[in-house]
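Hi,

Here's the structure I promised to pass on. Have a look at it first, then read my notes below.

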Amino acid sequence: MIELIKKKRDGHVLSDIDINTIINGFVKGEIPDYQVSAWLMAVFFQGMNDDETAALTDAMMRSGDMIDLSDIPGIKVDKHSTGGVGDKTTLILAPLVAAAGVPVAKMSGRGLGHTGGTLDKLESIAGFKVEMTAQEFIDKVKKHHIAICSQNNKLVPADKKLYALRDVTGTVDNISLIASSVMSKKLACGADAIVIDLKVGDGAFIKTIADAEKLAEIMISTATKMNRKLVAVITGMEEPLGFAIGNALEVKEAIATLRGHGPEDLTKLCLELGSHMLMLSGKTHNHDEGVALLKSLIHNGKAFDKFVELVDIQGGQTDMVIHPELLPQAKLTHEYKSKATGYISHLSAMDIGLASVRLGAGRETKESLIDYSAGIILTKKVGDHVQMGDTLAVLHANDAVFFTKAEEYMNLAYTFSETKPDKQPLIFKTVK
Ligand code: URA
């Protein structure tokens, strides 16, 4: 392993055998975390070429079981976000698209760095189980058109271990590591068609459109080699999505969206991604037809009913979804006030994400426990005019000490201007 670390550190290209040696040794526990951390940092600085990225994806995909969904009739679709702040789209999209009769087979991840993870959000619903066998996953998708599972130790264990290590070693935001992490999971999970929500901006791991386009191309070429269809939608993550950040708070906002009164940006993004999922599945033929179908499923209550069904089949307490006030609630709240008068010209998703981690909503180390009730409700967003002393956000936590820690990041998050700023687009482009 020392030789392989030095080889990458010195900018050389690793062979398929080198990469397999690292991944297999790490998964078996023969290579310790500290050596893999050093290798990840070398990859971070030196990068990997397309062949190395493909070899890493393949080694990770094969590190555990692979799910065969071919028994389930229809085109199975999956969706993945490269991670953002306040990004609860899966909680809305999976039941929404399943309610249209399209099988949604979704493997999700946990919070990483300043971003949240779908599994942590779902687990804020008491009893919700994300671990299941491949057969249980298949049976649920077959019968209910929906299942959301975690990578257990059998499914892409390499990514599970690497993801946790990257999170705590500052090695998340690298194109090759992100591409191999996302694609190994998507490919092992067996869906025929995948929509990637590729986040760009302050709160995302990818900061520029050029990098997002490169990542989209790597993903499309990997999917094509494996006979899968993939569409990447490049979307903005300058400010948080919606108003809620933090696990149970986000579940509440997702429920409101499924009931037809969600925030405008979140609803718009779900309709956009959902319409691509419907088109890939063959259910609809164009964007507008998909959007109209999805809107009707929200308005007639079928999307929300599907979410209740999902919670039920995965062991969660459905009364928490029907009555969201039963979801975990923090003991304390604190109003964060504006230090200036003017328009909010920038609201850093990254700083808001870090503030929510300080409140207990995310992990500071890979062993950290999450406080499901902690988080932030924004009351103002970019473009809003505020007076000094107005409430910009309400912080939720179970210990007042956390408010002081979070405020350091809240103070960094806001920039003000005298004139109304232009808002960044939510959806930049679609790469097919
Ligand atoms: N999402 C993933 O699944 N993996 C990454 O590396 C980043 C975002």
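Val156 is buried, with a relative accessible area of 0%; this is a predicted model, by the way. You'll find Val156 in the loop between β3 (146–150) and α8 (157–167). Its phi is near 45 degrees, which is a positive value in a residue other than glycine.

Asn227 also isn't a glycine, and it has a positive phi too, of about 65 degrees. Is Asn227 buried or exposed? Its relative accessibility is 74%, so Asn227 counts as exposed. Look for Asn227 in the loop between α10 and β5 (229–236).

While you're at α10, check how it packs with another helix. The axes of α4 (residues 50–61) and α10 (residues 209–225) come within 11 Å and cross at roughly 55 degrees, so α4 is oblique to α10. The crossing of α4 past α10 is right-handed. Which residues meet there? From α4 there are Asp50, Thr53, Ala54 and Thr57, and from α10 there are Lys214, Ile218, Thr222 and Lys225. Sorted by class, that α4–α10 contact has three charged, three polar and two nonpolar residues.

The Arg358 side chain makes a polar contact with the side chain of Tyr409, at 3.2 Å. If you leave aside neighbours within four places in sequence, Arg358 is in contact with Glu364, Phe402, Lys405, Ala406 and Tyr409.

Cheers

Notes
Residues are numbered from 1 along each chain as its sequence is written. This is a predicted model: local features need pLDDT of at least 70, side-chain atom pairs count only at pLDDT 80 or more; totals for chains, interfaces and linings use all residues. Side-chain values use heavy atoms; hydrogens and water are left out. Axes are lines fitted to C-alpha atoms, for helices over the stretch in contact, and angles run from 0 to 180 degrees between N-to-C directions. Helices (H or I, at least four residues) and strands (E, at least two) are DSSP runs, numbered from the N terminus. Angles under 35 degrees count as roughly parallel, over 145 as roughly antiparallel, 65 to 115 as roughly perpendicular and the rest as oblique. A crossing is left-handed if the near helix is turned anticlockwise from the far one by less than a right angle, and right-handed if clockwise. Contact means heavy atoms within 4.5 Å. Ala, Val, Leu, Ile, Met, Phe, Trp, Tyr, Cys and Pro count as nonpolar, Asp, Glu, Lys and Arg as charged, and the others, Gly among them, as polar. A polar contact is a pair of N or O atoms within 3.5 Å; within protein, one must be able to donate a hydrogen and the other to accept it, and residues adjacent in sequence count only if both atoms are side-chain atoms. Buried means under 20% relative accessible area, exposed over 50%, partly exposed in between (1.4 Å probe, protein chains only).
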